[in-house]
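Please look through the sequence and the model shown here before reading my comments.

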Amino acid sequence: MSVLIIEAFYGGSHKQLVDLLQEDLENCVLYTLPAKKWHWRARTSALYFSQNIPMSEHYRFMPKHKTRHLQKMLNLKGNGSAASTVALPFQQEQGSSENLLKNFDIEPGPCVAAQEENLGSSFMLESYLKTCNSSKNSSSCHGEKEQNPQDSLSGGDDQPRPLHIVWPHRWEHDKDPESFFKVLMHLKDLRLNFHVSVLGETFTDVPDIFSESKKALGSSVLHWGYLPSRDDYFHVLCRADVVVSTAKHEFFGVAMLEAVYCGCYPLCPKDLVYPEIFPAEYLYSTPEQLSKRLQNFCKRPDIVRKHLYKGEMTPFSWAALHGKFRSLLTTEPREDL
């Protein structure tokens, strides 16, 4: 039997997980599409894959996320019985994926969870843990902050360096950069001192808010743009104090987990996948709440620098999870699968 992995958005955290699975599993067959236009990938990738993946009696598993309606497309061709469409249970979707499919006027396909145990949204972080542990910068990871060369901007030895906020997400509207930059501009209006690093991958169409905000934030900007080197990326995370998400669409939350592992204090929406990962004190319900938290941290950056994260990180390691994946994907078929 072969394991068929289909990834319609082969980039970022999706790519991390797929690469780890491919590395760990024998007889693994991979079909992907580039990480662009995720909303169109969700709508049309099933048709593409149904026409480009050869039928094989050796395929046992077909992932659920992104291509969960592939079975329906295959049935339209009369080939629905050619492949066993058993889905991998990623996170509890809390309505986000259901709403996404409803918006596309597509009902979820009849995929069945491969086992009752929810393996959660936590499968990719070990790709970072491996990188961080082998990196020349690994000594600064997991909360051991290095001295920031920008400390000279603090105005003197008796002044704490400004709060360093990082936003490490794709530069697309579903990550809601508009809300993030609106909060930052409010901080500037209040004459609060802070630094910001805006990381993450860019694509063909970059929202105008990024260029506008970079100009408006001026000297508050420390880093701006995608860092192709993983070492450089994690080095920035290790120097930051607070990591913020304003996402309206999030399946995994890996960028936030990576930053927390580097010692950042997380601030996430009380929505999507985040309540599964982070304790309540790291969640906010409105932009006003986010702004208030950041105002307090700007005034007292020592609060977050001395803070010890109260959540769990060990369950997100590949060491803890790869055995579960292997068991799920290589166990002989049973009637309940």
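The points below go from confidence to the sheet, then to helices, one glutamate and the cysteines.

1. This is a predicted model, in which local features need a pLDDT of at least 70 and side-chain atom pairs count only at pLDDT 80 or more, while totals for chains, interfaces and linings use all residues. Residues are numbered from 1 along each chain as its sequence is written, and side-chain values use heavy atoms, with hydrogens and water left out.

2. The average pLDDT (the predictor's confidence in each residue, from 0 to 100) is 76 for the protein, and 69% of the residues score at least 70. Over residues 65–157 the pLDDT stays under 50, and for this stretch the model has 210 contacts beyond four places in sequence, a contact meaning heavy atoms within 4.5 Å. Where pLDDT is low, the predicted coordinates should not be read in detail.

3. Six strands form an open sheet in the order β7-β6-β5-β8-β9-β10, with parallel pairing. Its edge strands are β7 (221–224) and β10 (283–284), each of which pairs on one side only. Here helices (H or I, at least four residues) and strands (E, at least two) are DSSP runs, numbered from the N terminus, and two strands pair if DSSP finds at least two bridges between them.

4. Strand β5 (residues 163–168) pairs with strand β6 (residues 194–199) in the parallel sense over six bridges; Ile-165 has Val-196 of β6 as its bridge partner, and Pro-168 stands opposite Leu-199 in β6. In a regular strand the side chains alternate between the two faces of the sheet. Both faces of β5 are covered, with Leu-163, Ile-165 and Trp-167 buried on one side and His-164, Val-166 and Pro-168 buried on the other, where buried means under 20% relative accessible area, exposed over 50%, and partly exposed in between (1.4 Å probe, protein chains only).

5. Helix α8 (residues 230–239) lies across β5, β6 and β7 and runs at about 140° to β5, whereas α9 lies across β5, β8 and β9 (265–269) and runs at about 160° to β9; the axes are lines fitted to C-alpha atoms, for helices over the stretch in contact, and angles run from 0 to 180 degrees between N-to-C directions. Eight of the eight residues of α9 (residues 254–261) are buried, so this helix is largely enclosed by the rest of the structure. After α9 comes Gly-263, whose phi is positive, near 105°.

6. Glu-250 is found in the loop between β8 (242–244) and α9, and it is buried, with a relative accessible area of 11%. The Glu-250 side chain makes a polar contact with the side chain of Lys-175 (3.0 Å) and reaches the backbone nitrogen of Gly-253 at 3.0 Å. A polar contact is a pair of N or O atoms within 3.5 Å; within protein, one must be able to donate a hydrogen and the other to accept it, and residues adjacent in sequence count only if both atoms are side-chain atoms.

7. The structure holds zero disulfides, a disulfide being a pair of cysteine sulfur atoms within 2.5 Å. The sulfur of Cys-238 is 3.5 Å from the closest cysteine sulfur, in Cys-262, which is too far for a bond. Cys-238 is buried, with a relative accessible area of 1%, and Cys-298 also counts as buried, at 10% relative accessibility.
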